[in-house]
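Thanks for coming. I will take a few minutes to walk through one model, starting with where its chains meet.

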Amino acid sequence: MPLSVTRSLLIIAICAICTFSERLFPFLLFGNRKVPPLIRYLGKILPMAVIATLVVYCLRHIDVASFSGFVPELLATAVTAGLHLLKRNTLLSVVGGTLTYMLLVQLVF
Amino acid sequence: MKDQIIRNSFRYSFERSLPILIGFFPLGVAFGILMSSVGYNFLWAGLTSLIVYAGSLQFLMVSFFTDETSLVTVAVMALLLNSRHLFYGLSFIETFRTYGPWKYFLIYGMSDESYTLLCSYKDREGVSEKWVHIFSTALLMIYWSSFSALGGLIGTWIPFDTTGIDYALTALFTVIFIEQIKDSPTSFPGVVAIVSSVLCLLLLGPEHFLLPSLTLSVAVFILMRSALEPRISSGEE
């Protein structure tokens, strides 16, 4: 271990406290009063927006300058989406897409 | 009767958690292996996963453990990387209000994955929404911590090449996104978020686009509220 036990535990504690505070924040702000209509509207509309953003976040290192920088991601995502539109089985789509990606980055590119 | 509902809720939660179990396996193990590679054994990996319980931040923490990062930097990075969590609770303020102390457990355990699981909950006969949320959150936390500890144990002795296995997370979010589009009366929020995040990614680069992109999306939703709100509500009630 490069750091002392105390310092390592301190890092874990800080990360845990920061994470929990952010998760708690909206509840502290609106916990005991009626949620304003604007906030309720955002609560309804945000889940899809956040997930869409996370998809882009997961693909953020794509590099269109070389084939190996984007073709595996493109094909694997096409396989994932294609499988899901055909069979609508989450497990199958995730495993199929991941295997496609692993085969592509290990054997082809 | 109540016991039956709790049992049904557990079974339902377990079924719904299975895709995430698969998605967590490579990531949790990868985190454990990374931790062991910098000298922290399986107990540290398991403990970090249980206490912090925030995937992308934990991978960043591995780099905190290897150099003399100041504790202020650690705090700022943790807040920035998890800033999307500021938005997650908004969807559950009213739902959690009647849950008593369990509310704090659900808030503590609200990772990206449990958020999506909770969001996609649909009422069904014989289960309680509260218990489904509690069991789902607890199961995900147990999976994540166990896989992290397992990764710490097996260290570098994996007999196959795992390169690319981290794509599982991308695949999972892609599938959840498709499900949301199919279930929602409009896919407009998703289109706005994709345009906004691609734009911010191109302008600001891969490490700094997340929060600006979410802020931009929220701004668009607020500006277009009068047009969007009727379309969002038409699918429910």
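First, the ground rules. This is a predicted model, in which local features need pLDDT of at least 70 and side-chain atom pairs count only at pLDDT 80 or more, while totals for chains, interfaces and linings use all residues. Residues are numbered from 1 along each chain as its sequence is written, and chains are lettered from A and ligands numbered from 1 in the order in which they are written.

Now the interface. On chain B, 76 residues are in contact with 60 residues of chain A; contact here is C-beta atoms, placed from the backbone, within 7 Å. Helix H10 of chain B, residues 167-183, gives the most to that side of chain B, with 13 residues. Helices are DSSP runs of H or I, at least four residues, numbered from the N terminus. The chain B side splits into 50 nonpolar, 20 polar and six charged residues. Nonpolar is Ala, Val, Leu, Ile, Met, Phe, Trp, Tyr, Cys and Pro; charged is Asp, Glu, Lys and Arg; the others, Gly among them, are polar.

H4 of chain A, residues 90-108, packs on H1 of chain B, residues 2-37, at about 15°, with axes 9 Å apart. Axes are lines fitted to C-alpha atoms over the stretch in contact, and angles run from 0 to 180 degrees between N-to-C directions. H4(A) and H1(B) are therefore roughly parallel, a term for angles under 35 degrees. The contact uses Thr90(A), Leu91(A), Val94(A) and Val95(A) from H4(A), and Leu18(B), Pro19(B), Ile22(B) and Gly23(B) from H1(B). Of these contact residues, six are nonpolar, two polar and none charged.

Staying with H4(A), its buried residues include Thr90(A), Val94(A), Gly97(A) and Tyr101(A). Buried means 20 or more other C-beta atoms within 10 Å, exposed 12 or fewer, and partly exposed in between. The cover over the buried residues of H4(A) includes H3 of chain A, along with H1 and H10 of chain B.

Last, two loop residues. Most residues other than glycine have a negative phi. Arg88(A), not a glycine, has a positive phi of about 50°, and it sits in the loop between H3 and H4 of chain A. Tyr53(B) also has a positive phi of about 50°, in the loop between H2 and H3 of chain B. Which of the two is buried? Tyr53(B) is, because 24 other C-beta atoms lie within 10 Å, whereas Arg88(A), with 13 C-beta neighbours, counts as partly exposed.

Methods. Angles under 35 degrees count as roughly parallel, over 145 as roughly antiparallel, 65 to 115 as roughly perpendicular and the rest as oblique. Two residues are in contact if their C-beta atoms, placed from the backbone, lie within 7 Å.
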